[in-house]
Number of protein chains: 2
Amino acid sequence: MQRYFIPKENWQDNQVIITDDDYHHVVNVMRKQEGNQIICCNPNGQAFYCEINSINEKQVVCNVLEELEENNELPIHVTIAHGLPKGDKLDLIVQKSTELGMGDFVPLQMDRSIVKWDHKKEQKKLLRLKKIAKEASEQSHRSRIPAIQGKQTIHTLLQNQEFDMCLVASEYLTKDQSSQSSFRQAIDKISPGQKILLIIGPEGGLSEEELSFLHEQGCLPIRLGARILRTETAPLYALSALSFYFEEWRCEV
Amino acid sequence: MQRYFIPKENWQDNQVIITDDDYHHVVNVMRKQEGNQIICCNPNGQAFYCEINSINEKQVVCNVLEELEENNELPIHVTIAHGLPKGDKLDLIVQKSTELGMGDFVPLQMDRSIVKWDHKKEQKKLLRLKKIAKEASEQSHRSRIPAIQGKQTIHTLLQNQEFDMCLVASEYLTKDQSSQSSFRQAIDKISPGQKILLIIGPEGGLSEEELSFLHEQGCLPIRLGARILRTETAPLYALSALSFYFEEWRCEV
């Protein structure tokens, strides 16, 4: 059943009001009518079966029926902080990472990012990434949309936000160095409910200064398999591995 | 160091001859000169340091120096057989799956594939996918290129090729059904060196007939995390999880 993420102010008593793009999708794309059912999610991550009560020129009004008993969210909160890559790669990163359970996303201005975002470009990009995250959340049956944060540096990010563990994906970790730390050792220390930060460099990787700052901050460098991954593949590997470990491996069989 | 996959006939005694696209890349893109070193891989999956001996108008001739002691290949051979999806999605699937260690790739004509390949289209597509697999292998430092097989159906595939285990990614496996079989249970039975087939449906999933045929053939349905993945995300999840399990989890720490 199609699901929609409805902002807080549109939930009133036992009704939900659907407007704007979602209105267009319900009425013109899905061609829903009075009496049909859809799923509406609120910003708290709850999902409800809803029945369409009335449709006018600007609003679909639904009655809330009952809450879905589902939990499709990754049991740990993973913030992906990604050095600005070239071209449209962030679109792919945000879409796929949302499907794979990302908690939220931070675009990072890093030393080796060739792309620079000025204020105007940032606003345009964030709007686009938020739309991609919303659509991917709907499509993948998530109960919350990952937040897309504004552009930051690793310094401001680590000063202003707290995490239980910080990991950095570094292509310079070879097999020989895996005894120093490994994704396995890191993952073994993570418990459900914790907040993890995963930092990924742009195409050129991290600078010496960035690596040493992250080292000082206690971030653990991890290896993501034996091959060199393109920058946009790294978050997909990490999230898939975390999902496999927490949702398929540890789950009751 | 840049690496190139050189066909068998270009290895002669202790020399390697580089021609065509690779010649262009060595000479015009990388601007290599006599005395410079590159890495050349042979079709057996061996990689060698090579020194450029001479460059003429059509050939780069290299002396083979010594074999690299490396093993970047996933310890199991994973064949990804993917129902023909819409648009250019196979490009992304083959590029990313190559980075993530795919063994080889089979495009599947499936019941719910909207796209149809006639002979001419197939030849064009296969040529493009082979080029993508070669470039991704070079970029990700693999020692072999995944083979791109011709279009097949699940019937011809399972009649003509043998696998130690066949898995099918099905979006209809919910948590409630996970007791029937799970990716964990499947992965637990796989040993290094084995050949695994992973079948993934197109956008509309697998038909009832296909699912029941695969069931008869002993294919195990698996779930890839708690969310609904787009068709092109499924092989990336599965390969990342297999890499994590065999290269990061089981590895000596």
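Keep in mind that the model is predicted.

Let's start with the sheet in chain A. Six strands form an open sheet, and the pairing is parallel. Read across, the order is S9-S8-S7-S11-S10-S12. Which strands sit at the edges? They are S9 (147–148) and S12 (220–222) of chain A, and each pairs on one side only.

Now look inside the sheet. Strand S10 of chain A, residues 165–169, pairs with strand S11 of chain A, residues 195–200. Five bridges join them, in the parallel sense. Take one example: A:Met165 has A:Ile196 in S11(A) as its bridge partner.

A helix also packs on this sheet: H7 of chain A, residues 234–249. H7(A) touches strands S7 (77–83) and S11 of chain A. The direction of H7(A) makes about 170° with that of S7(A).

Next, chain B. Here helix H2 (residues 89–99) packs with helix H7 (residues 234–249). The angle is about 5°, and the axes are 9 Å apart. Angles under 35 degrees count as roughly parallel, so H2(B) is roughly parallel to H7(B). Who makes the contact? From H2(B) come B:Ile93, B:Lys96 and B:Ser97. From H7(B) come B:Pro235, B:Leu236 and B:Leu239. By class, that is four nonpolar, one polar and one charged.

Last, the two chains together. Chain B can be laid on chain A by a turn of 180° and a shift of 0.0 Å along the axis, with an RMSD of 0.0 Å. The copies are therefore related as by a two-fold rotation axis. In chain B, the C-alpha nearest that axis belongs to B:Ala241, 2.5 Å away. Both copies use the same surface: 100% of the contact residues of chain B recur in chain A.

How values were computed: Residues are numbered from 1 along each chain as its sequence is written. Chains are lettered from A and ligands numbered from 1 in the order in which they are written. This is a predicted model: local features need pLDDT of at least 70, side-chain atom pairs count only at pLDDT 80 or more; totals for chains, interfaces and linings use all residues. Side-chain values use heavy atoms; hydrogens and water are left out. Axes are lines fitted to C-alpha atoms, for helices over the stretch in contact, and angles run from 0 to 180 degrees between N-to-C directions. Helices (H or I, at least four residues) and strands (E, at least two) are DSSP runs, numbered from the N terminus. Angles under 35 degrees count as roughly parallel, over 145 as roughly antiparallel, 65 to 115 as roughly perpendicular and the rest as oblique. Contact means heavy atoms within 4.5 Å. Ala, Val, Leu, Ile, Met, Phe, Trp, Tyr, Cys and Pro count as nonpolar, Asp, Glu, Lys and Arg as charged, and the others, Gly among them, as polar. Two strands pair if DSSP finds at least two bridges between them. Copies are superposed by least squares on the C-alpha atoms of residues with pLDDT of at least 70 in both.
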